[in-house]
Amino acid sequence: MAEAATPVADSPGSASTTDRPKLTARAPGSPAGDKRANGSGSVRLRGKTWTARLSLGEAGRSTFSLPTCRTEQEANARLEVLADLAGRLLAAGQIVLGLPLLERAAAREGSALRDVRLAIEQLCRGEARARASGETTFAEFAELVVSGRLAEQYPLHVKALRHPEQYRHKLNHVLGVLGPVPLPRLTLDHADRAISMLPGHLEDSSRQGVAKVIHRILALATYPARIIASNPLPRGWIPKAEDNKAKGSLYPDEDRRLMAAVDIPLSYRIYYGFLIREGMRADEAGRLEPSDLDLERGAVVLDENKTDDPRAWALSPDVVRALRTYLAICPPKERVFIGPSGPLPGRSGAHNFRNHLRRAGIDRPELFETTQSRLNIRLHDTRATFITIKLANGRTETWISDRTGHKSSRQIHHYKRAARKVAELGLGDFAPLDEAIPELNGRGGRLGGSDPMSGGPEAGASSPSDVASLARALHHRGPTAVVDHAGQPAAGALVAACGPLGPRWATSESDPAANQTEHIEIIDISSASAPTSQKSWRNF
């Protein structure tokens with residue numbers, strides 16, 4: 001008999017091997033893949049990158065790049081991980097299908113490596129396997145939904161997502177479990193496992209949001225996509241989220257202090273004042289365009305919003321007057337509310353809002369603390385402030401829902417207890433916005449000396465008396481003069497009141513009597529005993 005050949009050793013320092021058992025001889029006629037025991041391997045430094053070489057049975061010997069490993073110790077540690085995963089795939093007879101997963105495991109770290117481990121476990125249990133031609137995985141179909149391509153295919157049944165990044169954020173929590181599973185083989189157990197593996201720090205409402213996204217993806221796969229016959233998630237699967245935490249809201253006197261704080265940029269204060277007095281969502285107000293406002297008639301039209309239910313209502317007269325003056329001082333561009341660095345934030349403005357409250361001297365503790373039973377105040381809570389104060393002052397639920405867009409009485413009923421407290425304390429209603437903001441009624445003294453967008457000083461501005469006169473004129477007559485950001489009238493520019501702010505569905509008409517001389521009768525009563533009144537006529 002021929003003697004068994006001794007394997008040739010690698011050159012010193014060029015590679016290292018694990019302690020796994022290796023065959024030292026190969027019987028004549030045996031396949032080359034059995035040169036090493038299945039699952040065994042070695043690491044080698046090639047250039048600047050460590051690589052691992054493994055014996056994988058029927059898949060032969062494969063080399064895997066280890067881009068995250070910097071030392072031989074790290075490379076050997078990753079080799080142990082790969083050898084363990086390869087052993088499981090070999091035992092389950094899935095090594096050929098699992099080879100791409102091993103390549104990912106060699107190159108990934110942290111949560112990405114954890115996702116690969118989960119996929120290999122599913123493959124070994126038979127829950128995931130080579131898909132038939134045309135089968136779509138959960139991850140592939142989810143991308144169709146989030147990217148808007150499904151809405152393009154079925155425009156009558158699917159609407160494009162307004163905020164796809166929110167869907168992606170939620171899906172990232174579950175794609176490691178659900179992503180590689182073909183939709184026809186996705187079961188309730190898969191979905192339960194995905195929810196059970198969500199990070200522990202997530203609130204109940206966040207878990208509910210992730211579950212809603214999963215349910216929505218599978219519902220669309222049922223119809224109109226018709227990839228699966230029925231949704232595998234039963235009714236009631238979405239977990240309940242108790243929203244019992246108390247939310248902060250401002251009192252009318254606190255609103256007055258905020259509006260009067262001239263060291264806060266004017267653009268922010270009128271934005272906050274608008275939200276508090278009209279109940280609009282912050283992101284809706286942030287997207288508000290000049291064409292959405294009809295300040296000549298005092299109305300607002302909101303076609304695109306969270307509920308896709310167009311709304312229109314009459315603005316409060318004080319809000320109309322305030323917006324006229326403000327937009328004359330700061331002519332609008334692409335958005336109505338523009339801050340120092342662009343359109344004011346809708347969903348990300350809570351931090352600035354709390355800082356501005358503190359700068360205004362509002363330090364009520366319950367507004368700034370988060371506990372197990374209470375949330376600190378957010379920009380979205382301007383809606384809670386609006387509903388609470390308006391209920392306390394006798395407004396009906398219908399009047400409120402016209403402005404907030406709430407669909408049911410139950411949503412508004414949640415605020416009635418706080419409203420009763422406000423009514424019992426006799427705290428009153430909000431001050432008129434055009435009177436609460438000093439710069440808009442001529443009492444600020446800073447409009448000409450500061451940039452209304454930034455609140456910073458500006459050299460060469462007009463005197464406070466000139467600005468006060470301008471603001472009072474605009475307050476009573478509407479925005480007839482075009483002025484720049486410093487409050488100065490633009491050179492030779494006169495426009496019709498609210499000319500650039502008409503709504504899309506309204507056409508302003510010129511008033512033929514606007515340029516006619518108005519005769520005002522002045523009665524001079526010099527003495528109470530005068531038998532007749534002396535009348536004189538003057539032209540104005």
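## Strands 6 and 7

Leucine 302 sits opposite arginine 311, which belongs to strand 7. That's in a predicted model, so keep this in mind for everything below. Strand 6 covers residues 299-302, and it runs antiparallel to strand 7, with four bridges joining the two.

Strand 7 itself spans residues 311-314 and has two faces. Arg311 and Trp313 make up the covered face, while Ala312 and Ala314 are on the uncovered one.

Now for a loop residue. Arginine 364 lies between helix 14 (350-359) and helix 15. Is arginine 364 buried or exposed? With a relative accessible area of 13%, arginine 364 is buried, because anything under 20% gets that label.

What does arginine 364 touch, once residues up to four places away in sequence are set aside? The list is Ser249, Leu250, Tyr251 and Glu254. Three of these contacts can be described in a bit more detail. The arginine 364 side chain reaches the backbone oxygen of serine 249 at 2.8 Å. With glutamate 254, the polar contact is side chain to side chain, at 2.7 Å. And at tyrosine 251, the charged end of arginine 364 sits over the ring, 4.1 Å from the ring centre.

## Aromatic pairs

On to the rings. How many aromatic pairs are there? The count comes to six. One of them is phenylalanine 386 with tryptophan 399, whose ring centres are 5.9 Å apart with 25° between the planes. That pair counts as stacked, because the cut-off for stacking is under 30 degrees.

## An aromatic cluster

Elsewhere, some rings gather into a group. Which residues form one aromatic cluster? The members are Tyr268, Tyr271, Tyr272, Phe274, Phe337 and Phe353.

Key. Residues are numbered from 1 along each chain as its sequence is written. This is a predicted model: local features need pLDDT of at least 70, side-chain atom pairs count only at pLDDT 80 or more; totals for chains, interfaces and linings use all residues. Side-chain values use heavy atoms; hydrogens and water are left out. Rings of Phe, Tyr and Trp (its six-membered ring) pair if their centres lie within 6.5 Å; planes under 30 degrees apart count as stacked, over 60 as edge-to-face and the rest as tilted. A charge sits over a ring if NZ of Lys or CZ of Arg is within 6 Å of the ring centre and within 35 degrees of the ring normal. Buried means under 20% relative accessible area, exposed over 50%, partly exposed in between (1.4 Å probe, protein chains only). Two strands pair if DSSP finds at least two bridges between them. A polar contact is a pair of N or O atoms within 3.5 Å; within protein, one must be able to donate a hydrogen and the other to accept it, and residues adjacent in sequence count only if both atoms are side-chain atoms. Contact means heavy atoms within 4.5 Å.
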